[in-house]
Amino acid sequence: MGIKENLEYLSQLVAIPGYEKDAAEKCAILFMDWCDKVSVDKFFNVISVKKGCNKAAKKLMITAHIDEIGFLVNSIDEKGFVGLTNVGGIDRKILLAQEVIIHGKQDITGVIGATPPHLLKAEDAGKAVKLMDLRVDTGYSGEELKKYVSIGDTVSLKSRLTIMNRQKASGKSLDNRASVACLLEILRLLRDVNHENDLIFIASTQEETNLAGIITASYALRPDAAIVIDACHGDIPDLSKDVSSTPGKGPEISIGPNLQPKLVSKLFELGKEYGIPYQKMVEAGDTGTEAWATQVSANGIPTALLSIPVRYMHTAVETVNLEDIKFTARLVAEFAKQSSEQLGELLCL
């Protein structure tokens, strides 16, 4: 499958943080075509190894998280209305009239109802709705619904991937399935390359909550260096250029104390050498990504961060330019082709 097909498949997987098992097992199958060894660990990280040809090879970890924002059921009343609590950073503004899927004994589709504007009090018209006040309407009575749905069941946003103007895709969980699709594209580009270093690809878990997946994987694997691929904010009207990048102009390469300067400089160098567009983003502190945890795992792991611009993040209509996935994959693939000696030099003080 190509990038578009992989992204469509990946976006439909359901991977609420802590409940990624099914998605991980399906994702692992995609990596088996490209890697020497694929496994799913106790935290549902998909760990895929493509061995290098040098017996003294270094280990380069390339990671992208597979989990997505979502909900858990926390109440069911007698009329069948379902209450929710969020898992990850949900923007309440986008939830009114949103379709969702409750994953109980069987999948149940529902809608998050909204009070019609005709019935709102004037003082409530401009207020943000609290999640605790929202309910999912499934069309079932409480008695019927409880046959299939229980407290604690996961709930995901319902959305199909839409292709716009041939090169743009919109749907749910493109943060960060766009980057998981990028991992697969990197592997495709390296299919016939006799690279020296061992490459460890990780579709990691629980990034949207506590970074538990990458923390445990990094400690277990202890790579010599890491490249984290994530999503960043794509530009939209009124959003500052200081916190966003333009879709279609390549990935953000982050600069800051969370990122190893030599790795970052090498990415800039490769982008210029091979004509791969990229954008720069200064991160003066926590990048808000797995790079933050990876850098300080084990004895410390030199880390770089590439981010694919995604508009409308944490909604059911996240939008990405497919070209940016290609640009990111090309840049990381060129980095992965370095010899063990070259990578070692980047890791020296």
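Modeller: Happy to! One term before we start: a salt bridge here is a side-chain nitrogen of Lys or Arg within 4 Å of a carboxyl oxygen of Asp or Glu. By that rule, zero salt bridges are counted between domain 1 and domain 2. Please keep in mind that this is a predicted model.

Now to the two parts themselves. The domain assignment places 3-68 + 172-347 in domain 1 and 70-157 in domain 2. Taken over C-alpha atoms, their centres are 33 Å apart. Where they touch, 11 residues of domain 1 are in contact with 14 residues of domain 2. Together the domains bury about 940 Å² between them, and carbon and sulfur atoms give 71% of that area.

What about polar links? One residue pair, both at pLDDT 80 or more, is in polar contact between the domains. The side of domain 1 that touches domain 2 holds five nonpolar, three polar and three charged residues.

The structure holds one cavity of 30 Å³ or more, and the volume of the largest cavity is about 40 Å³. Its lining is made by E68, I69, L157, K172, S173, T315 and E318. Sorted by class, that lining has two nonpolar, two polar and three charged residues. Among these lining residues, E68 belongs to domain 1, while L157 belongs to domain 2.

Note on methods:
Residues numbered from 1 in each chain as written. Predicted model: local features only at pLDDT ≥ 70, side-chain atom pairs only at ≥ 80, totals over all residues. Heavy atoms only, no water. Domains from an automatic or database assignment. Contact = heavy atoms within 4.5 Å. Buried area = accessible area lost by both parts, 1.4 Å probe. Polar contact = N/O pair within 3.5 Å; in protein donor to acceptor, adjacent residues only side chain to side chain. Nonpolar A, V, L, I, M, F, W, Y, C, P; charged D, E, K, R; others polar. 1 Å grid on protein atoms, 1.4 Å probe; cavity = no way out; pocket = protein on both sides within 12 Å on 5 of 7 lines; lining within 4 Å. Points joined across faces, edges and corners; volume = space filled by probe spheres on them.
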